[in-house]
2 protein chains.
Amino acid sequence: MRYHTINTRILIGAIGHMCGAQSGVRSISKQTLLRLPMYLDYLKRLEGEDAAHISAPKIAAALGLNEVQVRKDIAAVSSCAGKPKTGFETARLIRDIEAFLGYDSVNEAVLVGAGKLGRALLGYEGFAQFGIRLVAAFDRNADAAAMYGKDAPMILPMEKLTDLCRRMGIHIGIITVPAESAQEVCDLLVSCGVRAIWNFAPTRLYVPEGVLLQNENIASSLAVLSAHLKQSM
Amino acid sequence: MRYHTINTRILIGAIGHMCGAQSGVRSISKQTLLRLPMYLDYLKRLEGEDAAHISAPKIAAALGLNEVQVRKDIAAVSSCAGKPKTGFETARLIRDIEAFLGYDSVNEAVLVGAGKLGRALLGYEGFAQFGIRLVAAFDRNADAAAMYGKDAPMILPMEKLTDLCRRMGIHIGIITVPAESAQEVCDLLVSCGVRAIWNFAPTRLYVPEGVLLQNENIASSLAVLSAHLKQSM
DNA sequence: GGAAAATTGTTAATTTTTTAACATCTGTTT
DNA sequence: AAACAGATGTTAAAAAATTAACAATTTTCC
């Protein structure tokens, strides 16, 4: 079993029309992908105001980025051609970015591990705006396996995971169990058809090719803060 | 006011003995900094077992990194010289990384914005292990400004922020307010002496030179997941 | 209608980060 | 005790990401 994650480029397969000898595969850098949500957020706030059009230099200035970078990022995900002196159509850009990110369709997700962090995520209501719906949470501990909140998803015992994931065709798994059991949970999720895993456990996971692993590391962020303070003392 | 963040290198000033013409300033790349917590976690788990020594190739294999990269990272933060055929002393490495990251001393932090996400973070108990202690939370909404949980820090009205931060000499601020008010809160924190800001609001913040801004973006992570699913449909 | 200003899109240069290559050192094993 | 295997540390190459440079285009304002 080989470790697999997004390394440098994410290939976006374009089924259908291949023009000329071009293979029709668009490739986008991970860095660009990470910036897309920033653009999206900014554009949406903009739309609420007057601006029907927006230029790359404006976006760059507002977000503290380089202007060329913004243009390249836009070109990578949108066919929207900007007009000189005018810029890009705001609404169109939003549509294209959302479509690219898949926020326009809904993916259902399950969460495993209802400890502190897990329950915190369960309580987070922002998933919807990213096209993700948390349908259930699982925990080994039977005590925790009870209704939690009113609108929040149920916490179920681990035994029900396989069945539910298969029945509902779940594609996203969120892992918030301790490091020791993370790999085990990960394997279980993959065997149920999960194709993208968001790992909060501070450990390296191994997934088969074709499954995306995204590691979230609170510790890394804190390391940056902490190192800065250490330095500036 | 100029935007400032860790750009590419973090300068670590070494007060004291400067050998030769060397200025005594160590510089470490941001990427390295983000990997340090991974090493730390791995090494600690290792220490629990048998291993008094560990080699760079082993670490690299376990964490899915390049072996040279690991050696360079170690060299950047530790004076611990590895012995050929043996590797590095595990305990010494742990000490050095923790010292470098400042996890050995405690920094106190405040959180502003006790909405869903803010309360989730308040409930998170992992801060201690990174040398961070959350001493108080603030919210504009007076209703929310009440005791929350038993061990969790208090939620106080915004009016008390300035006084508390100044009195306690707080250096870290965590922002979990909506985008609209994030800059205002940020400015307030900076004016109270906060020198590192962990921003969860999906917006660009401007801080004066010398203050570190670390943006946390859940949306960016989800973008990666979502784009992958979009592609592999 | 024409000059000026602003913006696009692209190609080239720079910088940063990662990976490979290699010479050297240290335990271990026969 | 000598050869070997497994490390280290460093220097060089490669790859990736960012930034600069510039020609081409479109609106605006006289």
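These questions and answers walk through a predicted model with chains A and B.

Colleague: How many helices and strands does chain A have?
Modeller: Start with the fold of one chain. The strands of chain A number 10.

Colleague: What percentage of the residues in chain A is buried?
Modeller: Buried means under 20% relative accessible area. Chain A has 233 residues. The buried ones make up 50%.

Colleague: Is Ser55(A) buried or exposed?
Modeller: Ser55(A) sits in the loop between strand S3 (53-54) and H2 of chain A. Leaving out residues up to four places away in sequence, it touches Thr86(A) and Gly87(A). The relative accessible area of Ser55(A) is 18%. The cut-off for buried is under 20%, so Ser55(A) is buried.

Colleague: How many residues of chain B are in contact with chain A?
Modeller: Contact here needs heavy atoms within 4.5 Å. Chain A brings 63 residues to the meeting. On the side of chain B, the number is 62.

Colleague: What is the area buried between chain A and chain B?
Modeller: The size of an interface is often given as the accessible area lost when the parts come together. Carbon and sulfur atoms give 64% of the area in this case. The total is about 5600 Å².

Colleague: Which element gives the largest share of the side of chain A that touches chain B?
Modeller: Several elements give two or more residues to this side, including strand S1 (9-13), helix H1 (30-48) and helix H8 (218-232) of chain A. The largest share is 15 residues. That share comes from H8(A).

Colleague: By class, how many nonpolar residues does that side of chain A have?
Modeller: Take the classes in turn. The side of chain A that touches chain B has 9 charged residues and 16 polar ones. The nonpolar residues number 38.

Colleague: How far apart in sequence are the parts that Glu98(A) and Lys44(A) tie together?
Modeller: The side chains of Glu98(A) and Lys44(A) meet in a salt bridge, 2.7 Å from N to O. Glu98(A) lies in helix H4 of chain A, and Lys44(A) lies in helix H1 of chain A. So the pair ties together parts that are apart in sequence by 54 residues.

Colleague: Which helix of chain A holds both Arg45(A) and Asp41(A)?
Modeller: Arg45(A) forms a salt bridge with Asp41(A), with the closest N and O atoms 3.0 Å apart. The two residues are 4 apart, about one turn of the helix. Both lie in helix H1.

Colleague: Are Arg35(B) and Asp73(B) buried or exposed?
Modeller: Their side chains meet in a salt bridge, 2.7 Å from N to O. Arg35(B) lies in helix H1 (residues 30-48) of chain B, and Asp73(B) in helix H3 (residues 67-77) of chain B. Arg35(B) and Asp73(B) are both buried.

Colleague: How far is the nearest cysteine sulfur from that of Cys186(B)?
Modeller: A disulfide needs two cysteine sulfur atoms within 2.5 Å. Cys186(B) is in no disulfide. The nearest cysteine sulfur belongs to Cys192(B), and the distance is 11 Å.

Notes: Residues are numbered from 1 along each chain as its sequence is written. Chains are lettered from A and ligands numbered from 1 in the order in which they are written. This is a predicted model: local features need pLDDT of at least 70, side-chain atom pairs count only at pLDDT 80 or more; totals for chains, interfaces and linings use all residues. Side-chain values use heavy atoms; hydrogens and water are left out. Buried area is the accessible area (1.4 Å probe) that two parts lose on being put together, summed over both. Ala, Val, Leu, Ile, Met, Phe, Trp, Tyr, Cys and Pro count as nonpolar, Asp, Glu, Lys and Arg as charged, and the others, Gly among them, as polar. Buried means under 20% relative accessible area, exposed over 50%, partly exposed in between (1.4 Å probe, protein chains only). A salt bridge is a side-chain nitrogen of Lys or Arg within 4 Å of a carboxyl oxygen of Asp or Glu.
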